[in-house]
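Hi everyone, thanks for making time for this.

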Protein chains: 4
Amino acid sequence: MGRFQSPEVRRRQVLDAATRLAVEEGLENTSVAKVAAAAGIAKGSIYLHFDSRQDLLAALQADLWAQMLERPSEIAADQDLSWAAKLDAVVEHWMRFEFDYHDLYHAVFHAVTTGSDEPLEAARTLLGDVITAGAQAGEFDLGGLDEGIVLEFLLHGYIGPCFHHSDPDAAVANVQQLFRRATGAIA
Amino acid sequence: MGRFQSPEVRRRQVLDAATRLAVEEGLENTSVAKVAAAAGIAKGSIYLHFDSRQDLLAALQADLWAQMLERPSEIAADQDLSWAAKLDAVVEHWMRFEFDYHDLYHAVFHAVTTGSDEPLEAARTLLGDVITAGAQAGEFDLGGLDEGIVLEFLLHGYIGPCFHHSDPDAAVANVQQLFRRATGAIA
Amino acid sequence: MGRFQSPEVRRRQVLDAATRLAVEEGLENTSVAKVAAAAGIAKGSIYLHFDSRQDLLAALQADLWAQMLERPSEIAADQDLSWAAKLDAVVEHWMRFEFDYHDLYHAVFHAVTTGSDEPLEAARTLLGDVITAGAQAGEFDLGGLDEGIVLEFLLHGYIGPCFHHSDPDAAVANVQQLFRRATGAIA
Amino acid sequence: MGRFQSPEVRRRQVLDAATRLAVEEGLENTSVAKVAAAAGIAKGSIYLHFDSRQDLLAALQADLWAQMLERPSEIAADQDLSWAAKLDAVVEHWMRFEFDYHDLYHAVFHAVTTGSDEPLEAARTLLGDVITAGAQAGEFDLGGLDEGIVLEFLLHGYIGPCFHHSDPDAAVANVQQLFRRATGAIA
DNA sequence: AATGAATGAGGCTTCATTCAT
DNA sequence: GATGAATGAAGCCTCATTCAT
């Protein structure tokens with residue numbers, strides 16, 4: 001590790017260190033001093049890259065959100081998939097993501113919200129569009145259910161089964177079916 | 001407000017003040033000093049009623065859990081209700097509770113857990129028993145779904161729609177139907 | 001234990017409780033609250049018997065001093081003993097006392113002095129008189145040594161061997177001989 | 001006094017301030033806040049140099065012990081001195097040290113021990129070795145006395161005469177002779 | 001750009017003492 | 001005489017942030 005690094009690299013090193021700490025000790029206990037130590041730079045130098053601790057934490061969240069939304073965006077745009085298949089694919093991606101980054105995920109999202117709600121809104125829009133389009137295409141049968149409410153229900157619901165790691169594959173399969181039941185996906 | 005109060009009264013006053021603060025500023029930012037000020041007593045007096053800040057926060061949670069579980073326990077034990085009706089009733093209770101105490105609810109439950117997991121387990125057991133019994137009674141058709149996974153899904157899912165206050169009644173009705181869809185309740 | 005006690009009895013109960021605590025947890029950690037609890041009375045009631053914590057602690061010391069000086073006073077006054085025998089007897093008493101109340105002794109005397117120096121002065125006088133008189137009687141041979149200095153030396157010196165409990169009898173015998181060597185007691 | 005100082009300098013400043021306070025008000029009453037004020041730095045800055053108040057206090061003791069043991073170690077190792085001469089030299093050093101730092105000495109050593117017992121053990125070993133070797137060399141005649149007990153006796157005894165400042169030289173000379181009497185040093 | 005000593009407000013907790021009952 | 005709730009100052013420690021170098 002050279003002593004001089006470009007700002008981008010340094011910023012990334014700091015974020016990575018912060019991520020590690022957030023997972024290991026929780027967001028609340030991730031102090032600026034610890035992050036600096038873990039990143040191998042001086043405490044004061046953190047402030048060359050982030051305006052404040054809040055700013056750093058918000059960047060952490062944004063990072064996570066970006067990873068969470070990238071692939072699903074592609075899935076949603078894929079013309080070759082049925083809406084039900086898209087639903088399945090998005091669920092699988094989010095759940096696997098959750099399994100992989102479980103601790104970080106909860107450390108970051110359970111914390112008092114520090115950043116903007118934009119990314120959350122993006123996730124909402126993404127899944128919402130799939131449901132709307134699928135319903136219009138006749139693949140889903142909401143049977144009078146409010147689309148917005150179904151959306152919120154699913155967005156929260158899939159998290160629950162992610163807490164039990166025993167059999168991820170089975171969990172994914174079950175939740176996919178639960179999504180289909182909720183949306184009235186035509187089998 | 002007299003200067004001397006019975007321990008019960010003071011304890012309640014402190015808890016109420018803490019509750020108010022937790023809602024307004026978040027659990028993390030609810031310091032002993034603020035609670036004392038809000039309760040109108042000296043900082044040191046907090047410790048006449050609680051062993052520590054953790055103890056106080058745990059009491060807050062316990063309080064909330066108790067309210068959340070009392071009525072559903074009765075519902076689950078009611079011999080006159082069908083299992084689907086019990087499901088509906090529990091959902092309604094939890095959602096209305098959530099609507100009423102929205103900010104507190106999230107301030108308290110999103111925080112790092114301070115108390116025991118007992119009450120959470122109690123909630124899980126309560127809802128789990130309804131699902132199990134309903135399935136055995138033939139009222140629900142899980143169709144191969146893992147009961148535990150469905151349980152976790154529902155336990156998290158109903159929270160989502162509680163965030164949008166526009167039409168509580170509609171939200172409740174929708175979520176009830178979503179619960180029925182998930183459990184395969186025979187319409 | 002009746003609820004109402006004469007002030008003298010109560011005062012003694014409090015002192016006994018304080019003594020117990022001082023031994024078990026150290027003087028510094030002997031708080032008024034603990035003493036009250038151990039004595040079975042209310043915290044505020046301590047102040048009916050003692051002006052302050054300092055006062056209570058001073059009373060503890062005075063108590064201990066009294067026990068420490070009572071018997072040696074008699075010994076010093078006993079016409080039938082030689083001066084060397086008195087020296088031996090006083091040493092033995094003080095050492096055995098120390099062995100018996102070791103923890104309390106050090107808890108109390110090693111603490112910042114809280115009371116007056118009167119009792120310490122009394123001990124000094126008592127032992128000093130024995131040395132002076134023994135020297136005048138020709139039983140001791142100070143050989144030019146300053147009486148006051150010998151006195152201080154002995155008064156501190158006998159404490160050291162009291163820390164090692166393995167063989168009290170041997171310790172006493174050894175220290176008695178060391179006192180004789182120091183005072184030049186004619187064997 | 002510049003605002004920024006090297007850690008070594010600041011650490012010493014803090015220790016010096018703490019030393020002053022310990023002498024003036026006693027170890028127990030030497031709070032972190034007072035030390036900081038006396039050292040002219042912020043309270044929090046104390047923790048840049050010491051892990052805790054205990055750590056600071058232990059450093060104080062260690063400091064004192066180091067000064068107390070340095071010269072005697074050299075004396076004990078000096079091949080040109082007789083054992084009796086070593087005994088005299090060590091006594092003189094310790095007593096003069098005690099006279100110079102009287103208040104600090106007692107403030108620090110009478111307090112509940114905060115650091116390790118290592119240095120005390122070192123002092124014990126040092127003096128014990130002199131006695132043992134002197135006895136084996138035939139310079140001392142313990143006459144059946146237990147070496148360990150004599151050691152403890154002397155280690156405590158020399159402190160007493162240090163309390164009376166009137167004539168340090170005489171005090172030293174007297175205690176040297178008392179040490180010789182105790183060890184049966186051949187005049 | 002980078003450092004890290006320094007700050008100072010704020011956090012939790014203890015405790016001797018008072019005083020209304 | 002006895003109580004124990006209440007006080008408030010003081011104690012130790014943490015930490016985001018600043019700034020001289």
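Let me begin with how helices and strands are assigned: they are DSSP runs, H or I of at least four residues for helices and E of at least two for strands, numbered from the N terminus. With that in hand, chain A reads α-α-α-α-α-α-α-α-α along the sequence, which comes to 9 helices and 0 strands.

Two housekeeping sentences before we go on. What you see is a predicted model, where local features need pLDDT of at least 70 and side-chain atom pairs count only at pLDDT 80 or more, while totals for chains, interfaces and linings use all residues. Residues are numbered from 1 along each chain as its sequence is written, and chains are lettered from A and ligands numbered from 1 in the order in which they are written.

How confident is the predictor in chain A? The score is pLDDT, the predictor's confidence in each residue, from 0 to 100. Chain A averages 90, and 93% of the residues score at least 70. Within chain A, helix H9 (residues 168-183) has the highest mean, 97, and helix H6 (residues 102-109) the lowest, 77.

Now the overall build of chain A. Its C-alpha trace spans about 60 × 30 × 30 Å along the principal axes. Of the 187 residues in chain A, 32% are buried, where buried is 20 or more other C-beta atoms within 10 Å of the residue's own, exposed is 12 or fewer, partly exposed is in between, and C-beta atoms are placed from the backbone. I'll also talk about contacts, meaning two residues whose C-beta atoms, placed from the backbone, lie within 7 Å. Among contacts in chain A with a separation of 6 or more, 71% join residues 24 or more positions apart.

Chain A is assigned two pieces, domain 1 (1-50) and domain 2 (60-183); such bounds come from an automatic or database domain assignment. The C-alpha centres of these two domains of chain A are 30 Å apart. Where they meet, 8 residues of domain 1 of chain A are in contact with 7 residues of domain 2 of chain A. On the domain 1 side there are 5 nonpolar, 2 polar and 1 charged. For those classes, Ala, Val, Leu, Ile, Met, Phe, Trp, Tyr, Cys and Pro count as nonpolar, Asp, Glu, Lys and Arg as charged, and the others, Gly among them, as polar.

Let's move on to pairs of chains. Chain A and chain B touch through 27 residues from chain A and 26 residues from chain B. On the chain B side, helix H7 (147-157) and helix H8 (168-183) each supply at least two residues, and H8(B) gives the most, with 8 residues. That side of chain B divides into 14 nonpolar, 8 polar and 4 charged.

What about chain B and chain C? No contact joins them, and their closest C-alpha atoms lie 13 Å apart.

Last stop, the DNA. A residue is near a strand if its C-beta atom, placed from the backbone, lies within 6 Å of it. Around DNA strand F there are 39 residues, and A:Ser31, B:Gly44, C:Gly44, D:Ser31 and D:Gly44 come nearest. By class, that surface has 16 nonpolar, 13 polar and 10 charged residues.
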